[in-house]
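Please read the following briefing alongside the sequence and the structure.

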Amino acid sequence: MTIGEKIKQLRESKDTEGKLKIQFEKQLLEEQDKIKQGAKKEAQEELSLQIAQKDKMLEDLKKQLQEAQRKAQQGSQQLQGEVQELALEEQLKLAFIYDEIAEVPKGINGADVIQSVKTNFGILCGMIVWESKNTKAWSQQWVVKLKEDTRTLKADVSVLVTSVLPEGVNSFAQIDGIWVCDMNSAIPLAFALRERIIAVKNIQEAN
């Protein structure tokens, strides 16, 4: 082999080596790019998962807060209703010392207080059933339920004391056989109803 041929063979060998080197570097860059893209995708998926988890935690906390607020409001309304009921019971006891004022027996959900009307001599003349409502809106269903309780207790008359009166009623009125009034009108109305019950009793006794 001549010197020229050897030089040519050496050049070709170097060219081949250079091409292989370039190809290897290109493959290495492609692999690095794939690794970077895979890592980027994995990081994005991990970030999306973390964001989804945080969103769920926030949504759960929001629901828990709403439920806590609902229970707190419900508890507050229930407490206000119990306070009004106790106030009504106390006012009846102070105003009518001869009458028997007692809570409604268990099992009757609507009515709250029973007023057994008695004369100064302790003679039972009749019964008034009281129900107290302290809410933000009027419901006609209260009247329906109180009528049922009135029949169950065999009372002469029933009164619904409510913080929100139905439309068209200012202080008190009779709705479908049930007296409805605000808290300020409860005792004056009780005096009138009580006098009527005693008068009916006296007529019955006279007859």
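F172 is partly exposed, with a relative accessible area of 45%, where buried means under 20%, exposed over 50% and partly exposed in between (1.4 Å probe, protein chains only). The model is predicted, so that local features need pLDDT of at least 70 and side-chain atom pairs count only at pLDDT 80 or more, while totals for chains, interfaces and linings use all residues. Residues are numbered from 1 along each chain as its sequence is written, and side-chain values use heavy atoms, leaving out hydrogens and water.

**Aromatic pair**
- Rings of Phe, Tyr and Trp (its six-membered ring) pair if their centres lie within 6.5 Å, with planes under 30 degrees apart counted as stacked, over 60 as edge-to-face and the rest as tilted.
- By this rule there are three aromatic pairs.
- The ring centres of F172 and W179 are 6.2 Å apart and their planes lie at 45 degrees, so this pair is tilted.
- W179 counts as buried, at 16% relative accessibility.

**Loop residue S185**
- S185 lies in the loop between β6 (178-181) and α3 (186-206), these elements being DSSP runs numbered from the N terminus (helices H or I, at least four residues; strands E, at least two).
- S185 is buried at 11% relative accessibility and, not counting residues up to four places away in sequence, touches S171 and F172, contact meaning heavy atoms within 4.5 Å.

**Helix α2**
- In α2, the residues W142, V143, L146, D149, T150 and L153 are buried.
- Seen down the axis of α2, these buried residues fall within an arc of 125 degrees, so they line one face of the helix, the arc being that of the directions from the helix axis to the C-beta atoms.
- The face turned away from the buried side of α2 carries the exposed residues R151 and T152.
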